[in-house]
Every structure is written in structure tokens, then in C-alpha cells.
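The sequence and the structure come first.

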Amino acid sequence: MKQLVQSPKSGKIEIVELPYPSVEQKHVLIKNSFSLISAGTESKTIKFGKSSLIKKALNRPDLVNQVLQNFAKEGLEQTYKKVLNRLDNYSTLGYSSSGIVELSLDDNSEFQKGDRVSCAGQNYASHSEFVSVPQNLVVRIPDKVSDKEAAFCTIGSIALQGVRQADPKIGEYVCVIGAGLLGQITCQILKANGCKVLAIDIDDEMIKIVNDNKFAFGINSKNSQ
């Protein structure tokens with residue numbers, strides 16, 4: 001099958017032929033119809049992958065700490081082999097997709113072959129022809145929702161969870177910082193919740209979308225005094 005991947009060593013993005021994913025218990029095998037490009041998250045991931053090892057270390061001190069902990073436990077030689085092995089393995093891209101169930105090993109027989117589903121998860125709902133996804137990250141698509149629209153489900157769930165955690169009340173003023181894809185959806189959910197929403201961004205195009213669609217009152221923070 002074909003899958004979009006990035007080489008951690010060189011940072012090169014390419015489409016490669018890989019074996020079909022194995023299907024474990026409590027997983028669902030899905031033939032992707034659409035996979036969503038999350039421009040902000042994925043561009044950051046790609047940029048990180050293309051950086052030097054020193055820059056990677058500076059940007060991800062948590063990974064450096066893991067290497068040091070492994071060195072303390074297993075020594076230099078084994079740690080070095082693990083690092084090289086990690087660099088030789090492809091990194092997957094994408095975390096939100098939709099498609100058709102090919103096989104399901106979920107433990108409650110919720111999904112059947114032919115079901116239209118939306119799925120989520122880094123290293124699961126990838127830019128790939130086929131994906132194997134844990135059953136708790138898979139949901140059926142309602143009849144009135146297209147496969148293309150359903151590919152946005154993960155982004156919508158992130159925005160919804162953020163609103164739930166903030167727990168805004170009807171009539172309250174809420175500020176959303178960042179009016180990209182996630183911010184736009186967050187503004188819409190807040191508006192539907194009865195809130196008065198202010199969106200802030202540094203991109204005039206994003207602010208125009210907010211104001212034209214009346215999701216919120218948008219302002220460019222670079223232009224405000």
C-alpha cells in the first residue's frame with residue numbers, strides 16, 4: 001500500500017510502498033477515503049524532521065532526557081544502536097481521516113465491513129491507503145455527513161474538548177488566540193454556545209474569514225494599538 005512518510009534522518013517527504021498494517025485485537029482496519037492535512041501541526045513536524053540533530057535536541061529536550069536515561073541503564077553502545085534505529089524508521093504524518101471498514105476486531109462488534117467511519121490518532125489515522133486504528137478512536141459517520149467532511153472529525157473534537165474544559169457560560173466574553181483551522185472551529189462552537197467571541201491572529205486572511213462569516217469579532221494583533 002502507499003503511505004506518505006518522512007525520514008527522520010534526512011527530513012525527506014515521500015510516498016512509499018509499505019506492507020498493509022496488522023490488525024490487533026480492539027483495532028479496526030480502514031481503507032481511507034480522505035485524510036486531513038493539519039497545516040500548522042504537520043508543517044511544524046516536517047520542519048522539525050528536516051532540522052539537524054543538534055536543533056532536534058534543542059527543540060526536544062524531553063527526547064534528550066530519554067536518551068540520557070537509556071544511557072544510564074544500558075550503556076553507550078545499546079543507546080547508540082537505538083538512536084540509529086529510530087532515525088532509520090519512517091515517521092508517519094496525519095492524525096485525522098475517514099474511510100470504509102475492511103475488518104474489525106473490536107470487542108463489542110460495533111463496526112462491520114462496509115461501515116463508513118471517521119478515525120483519529122497520531123500514528124493511526126495517517127495519510128495512507130489503509131490504517132489500523134484502536135476502536136475507541138473510531139466512530140460511525142452519520143448518513144447526512146460526507147466522507148470528506150468526516151475527515152475533519154478529529155480537529156472538531158479537539159476544539160470541542162477545549163471549549164468543554166474552559167466551561168464558558170451563555171453570554172460570557174471569550175477570547176480565542178489563533179484563528180487557524182482549529183481556532184475557526186472553536187469560534188463557531190463558542191458562538192453556538194451563546195458566547196460573545198473575540199478572535200486574535202496575525203494573519204489578515206484568517207481574520208477576514210472570521211469577520212466575513214461572523215464567527216466572532218476578529219482583530220489582527222499586529223495592527224491593534
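## Chain overview

Among contacts (heavy atoms within 4.5 Å) in the protein chain between residues at least 6 apart in sequence, 59% join residues at least 24 apart. Of its 225 residues, 35% count as buried, that is, under 20% relative accessible area with a 1.4 Å probe, protein chains only.

The model is predicted: local features need pLDDT of at least 70, side-chain atom pairs count only at pLDDT 80 or more, and totals for chains, interfaces and linings use all residues. Residues are numbered from 1 along each chain as its sequence is written, and side-chain values use heavy atoms, leaving out hydrogens and water.

## Five-stranded sheet

Strands in the order E7-E3-E5-E6-E8 form an open sheet of five with antiparallel pairing, where pairing requires at least two DSSP bridges between two strands. E7 (130-134) and E8 (138-140) are the edge strands; each has a single partner strand, so one side of each lacks a neighbour in the sheet. From one strand to the next the twist averages 45 degrees.

Within this sheet, E3 (residues 27-35) and E5 (residues 96-104) are joined by seven bridges in the antiparallel sense. Phe34 is opposite Ser98 in E5.

## Three-stranded sheet

A second open sheet has three strands in the order E2-E1-E4, paired antiparallel. E2 (13-17) and E4 (91-92) lie at the edges with a single partner strand each, so one side of each is without a neighbour in the sheet. E1 (residues 2-6) runs antiparallel to E2 and is joined to it by five bridges. Glu17 of E2 is the bridge partner of Lys2.

## Strands E9 and E10

E9 (residues 173-177) pairs with E10 in the parallel sense over five bridges, and Tyr173 is opposite Lys196 in E10. In a regular strand the side chains alternate between the two faces of the sheet. The covered face of E10 (residues 196-201) carries Val197, Ala199 and Asp201, while Lys196, Leu198 and Ile200 are on the uncovered face.

## Helices H5 and H6

H5 (residues 153-166) and H6 (residues 181-192) pack at about 55 degrees, with axes 9 Å apart. The contact involves Ile155, Gly156, Ile158, Ala159, Leu160 and Val163 of H5, and Leu181, Leu182, Ile185, Thr186, Ile189 and Leu190 of H6. By class, the contact residues are ten nonpolar, two polar and no charged.

How values were computed: Helix = DSSP H or I, 4+ residues; strand = E, 2+ residues; numbered from the N terminus. Axes fitted to C-alpha atoms, helices over the stretch in contact; angles between N-to-C directions. Nonpolar A, V, L, I, M, F, W, Y, C, P; charged D, E, K, R; others polar. Buried < 20%, exposed > 50% of the residue type's maximum accessible area, 1.4 Å probe, protein only.
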